[in-house]
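Please read it alongside the sequence and the structure shown here.

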Amino acid sequence: MNAVDVAIIGLGPTGLTLAHFLGKRGLSVKVFERDKEFYGRARAVYTDDECMRAWQWAGIADELAPDMIQDQVAQWVRPDGRVLSQMVLTDRPHGWPVMNFLYQPWLETKMESLIRERYPNVSLHRGVEVLGFEQDADGVTLRHRPVDGADEQTTRATYLVACDGGRSKTREEGLGIKMTGGSFPERWLVIDLEVEDADTTLRHLPYFSFVCDPERPIVNCPQPGAHHRFEFMLNEDDDKEEWESDEKVRSLLSRFIDPNKAKVLRKLVYTFNALNAEQWRKGRVILAGDAAHMTPQFMGQGMSSGIRDAANIAWKLDMILRGQAGDALLDSYMSERRPHAQSMIDVSIMMMKVVSVRSRLLAALRNSAMVAAGKLPWVKGELRRGAFKPGPDFRKGRFWGLPRDRRNGAEGRLIPQPQVRSFLGKITRADDVLGEGFSLIGIGTDPWAELSDAAKLRWQGIGVQSAALWTYTKRPQGVRTFGALSPETIEIEDTTNELSVFCRKHGVGQGDVLIVRPDRVVAAVARPQTMEAVSQQLFNKLGSPEHTVERKAA
């Protein structure tokens, strides 16, 4: 018997998110973090609606949201502040604002405190360095030691997830996995501030802005509370030490604010990487977050990609450790996540190139193109809703589920999260109703009705919620117009019609059933009369469990 189900290295956002997921599912977890105390400086500043939804699954989104600036506007502006283009994302297809600006020290402090409050089955070990590990067919043995020099100890885990950052010792030394991609020579100075009288000092800087100045590209980033960030691009001949000096920082800040009202929390010249690990898993050791991929900051997707990793890993580990799936289920982690992470890297590089144009001629052409695009209704609409951001879809043939049988099929796609209404009129976020397991969502039909007793038993063992979904106002009515639902099936109305629109877009019609994974990705589409056969295909794909561990109480 292994000491813990899962060991995690790294207590950043990815490791914290994964610990919440696994703790909530009742698994035993040990998390090791070399730093005795929280780093305490902001790095990530933004996350999106997909990640807020993932934190909802982990049970922490409602606690994190009050400390964020939500529904923020992002824009590209001229050096004098005139707007070239704006991205205004007020729709909430996943049940949360798309634009969420955060202060990472607050975020991580809250996430860590919630773990300590909620999950006795998750132990956090700060000030402990993992020295190495050995794995075999049954698990991983970690060697670790407190950084203060105490004796070396060992921990046995069934799986190890390394969330130990871009310089991951697990990836480089333990697994010998290489990264593909490149590093960029362009240097930027980041300045993190805490200001006095934020309502007045920062009142003229309400929105996130790329200042498209060919002389000096700048990023202006509001953060919660009295915090703010500026980033300035350096020229090739600029001296790093000079640019990190107090005098230079005050001079740069004075263009935007009174530097006497700002406390500088961090000033650092950095370059950025665009890298992706060649392998994300070897045996029972898994890479996640920056240990698996490094994303330039221009789309704010570095941390968010790690949150997606955690959401993808968690339910698969849970099923394997509960004896509901074979170890091969984890093979889909890399095939699903790596292409999406690479797409985020690519679009971030594209954004960097748009923002950091240094030629006056090319800058003028870029500005003219942005202004012209803003006058074309369709293009303007696409820009305002951020259509250039990669969608939450997996590539055909690369995801766990049944094959996508048409180019625009629903399989392998993340369903939206509408507000749903119960028969008694209660309005709830759909994911809260569907629970944390699989979902059988019948479009105007009862998914449970045509299943055999054996299939029902298997689904119940896996963990499933059966639901009949109606477009808003289209619930059947009148005297005895339809039969009773199965007791296992709940009935909900899509009050925002977002899921109904998704179904029409992807060829899912009345009477069809969406079989949805715990991460809300469509695994298969069936008709009631094919539910038995499709269910059996999915059961077969889960594989033969190799072992079962006793489930710990959360």
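In this predicted model, Cys-212 is buried, with a relative accessible area of 1%. The sulfur of Cys-212 lies 15 Å from the closest cysteine sulfur, which belongs to Cys-221, and that is too far for a bond.

**Cysteines and disulfides**

- A disulfide is a covalent bond between the sulfur atoms of two cysteines.
- Counted as pairs of cysteine sulfur atoms within 2.5 Å, the disulfides in the model come to zero.
- Cys-51 also counts as buried, because its relative accessibility is 1% and the cut-off for buried is under 20%.
- For Cys-51, the closest cysteine sulfur is that of Cys-163, at 14 Å, so the separation is too far for a bond.

**Packing of helices H14 and H16**

- Two packed helices are described by the angle between their axes and the distance between the axes.
- Helix H14, which covers residues 453-462, and helix H16, which covers residues 531-542, have axes that come within 11 Å of each other and cross at roughly 45°.
- Because of that angle, H14 is oblique to H16, and the crossing in which H14 passes H16 is left-handed.
- On the H14 side, the contact is made by Ala-455, Arg-458, Trp-459 and Ile-462, while H16 contributes Glu-532, Ser-535, Leu-538, Phe-539 and Leu-542.
- Sorted by class, the residues in the contact of H14 with H16 are six nonpolar, one polar and two charged.

How values were computed: Residues numbered from 1 in each chain as written. Predicted model: local features only at pLDDT ≥ 70, side-chain atom pairs only at ≥ 80, totals over all residues. Heavy atoms only, no water. Axes fitted to C-alpha atoms, helices over the stretch in contact; angles between N-to-C directions. Helix = DSSP H or I, 4+ residues; strand = E, 2+ residues; numbered from the N terminus. Parallel < 35°, antiparallel > 145°, perpendicular 65-115°, else oblique. Left-handed = near helix turned anticlockwise from the far one by under 90°. Contact = heavy atoms within 4.5 Å. Nonpolar A, V, L, I, M, F, W, Y, C, P; charged D, E, K, R; others polar. Buried < 20%, exposed > 50% of the residue type's maximum accessible area, 1.4 Å probe, protein only.
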